[in-house]
Amino acid sequence: MKSIFSKKISISYISAIATIVITCFSTFLVSSFFFKETNIKDLDVSDGTNLCNYKVKRLDGYSFIKPLMFVDEECEGDNLAQIKHEINTIIQKHKSMSNVISTSVYLRDYNNGDWMTINDDLQYEPGSLFKVPILIAYLKMSEDIPGLLDQELLFHTPFDIGKNVAFQSKNIQLGHKYKIRELLKYMIAYSDNNATAILNNNLKPEILTKLFLDLNLEVPNPKAKHYYFTPKNYSLFMRAIYNASYLSDENSEFAAELLGKCNFKEGILSGLPKDIKIAHKFGESGTNQERQLHESAIVYLRNKPYLLTIMTKGKDNTSLTNIISEISTAVYNNMLNQAEEVF
């Protein structure tokens, strides 16, 4: 009896110790999670490593909820240090050839949230990259107006775009009616400026204004001749689509699907294998003396999806497409190597 009683006490004792250990471990995991989510100041840990701050972006304007948009580590990812060095080498090589004036890059690994930038203090005119925020604004408006995307708009007057377009594709036809969803396709897949102008004329400006405010970006002045982005802040639009953090899941999927139909093949796409799926948009701007060419793409590399935004200035579009393609290839190969290490 005594032996049995002792065994019961031992079992109870061990059970109590196990409960304490599990509780402590669970508390540690939960506290670690909330530490990352609350933007606590850097802390020195015993091994000498420095933990990075996290910035949390939530949407305002609701009474009982604060929808989560982004959680960003303030420090660049160590895993991207090698590719950053490779890209800098590519940039310096092209600058020495005198045809490329400046290049800026933003790269984000969607698996772990690591990111890095190069020359993100430089600003660029977005050109047709601005069509992505218009797309997001229209899809946001459609969530409040059922059937909006199936409404028809008449193309009755050509718009004076006032731009020298180097990369032209399909265009809407004068005198034809188009559903808004069709005009969105022409705007994104074919970068049609007339489709964009019609959409702009029928967009509620407060929807676009709210989008920029929600992303903590400077609101465009409709009377201003110029508006500028860095690769990092422009990438917020692509991130909002991929994360489905601003639009509904259905509209986020529709936006990414349209971006997947963009038929610009001279930049990021030309630096990738043919079987790689991407969702992307390009933009051109500048003058005949100083061209600007930019592209932002979500690259669906099997278990290693990533976002790459490249903005460039130079003397001719051929030089700019070449450097964008070369950077794209370097990033892909680096990400592929990291993806293979996972298996």
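I'm looking at a predicted model, where local features need pLDDT of at least 70, side-chain atom pairs count only at pLDDT 80 or more, and totals for chains, interfaces and linings use all residues. Residues are numbered from 1 along each chain as its sequence is written, and side-chain values use heavy atoms, with hydrogens and water left out.

**Totals.** I found nine helices and nine strands (DSSP runs, H or I of at least four residues for helices, E of at least two for strands, numbered from the N terminus). Of the 343 residues, 46% are buried (under 20% relative accessible area, 1.4 Å probe, protein chains only). The protein exposes about 18,400 Å², and carbon and sulfur atoms supply 54% of that (Shrake-Rupley, 1.4 Å probe).

**Helix 3 on helix 7.** I looked up residues 131-142 against residues 231-243: the angle is about 40 degrees and the axes are 10 Å apart (lines fitted to C-alpha atoms over the stretch in contact, angles from 0 to 180 degrees between N-to-C directions). Which residues of helix 3 meet helix 7? Val-132, Pro-133 and Ile-136 do, against Tyr-234, Phe-237, Met-238 and Ile-241.

**Asn-334.** I placed Asn-334 in helix 9, residues 317-342. Is Asn-334 buried or exposed? Asn-334 counts as buried because its relative accessibility is 7%. Leaving aside neighbours within four places in sequence, I see Asn-334 in contact with Gln-82, Ile-83 and Glu-86 (heavy atoms within 4.5 Å).

Terms used: Buried < 20%, exposed > 50% of the residue type's maximum accessible area, 1.4 Å probe, protein only.
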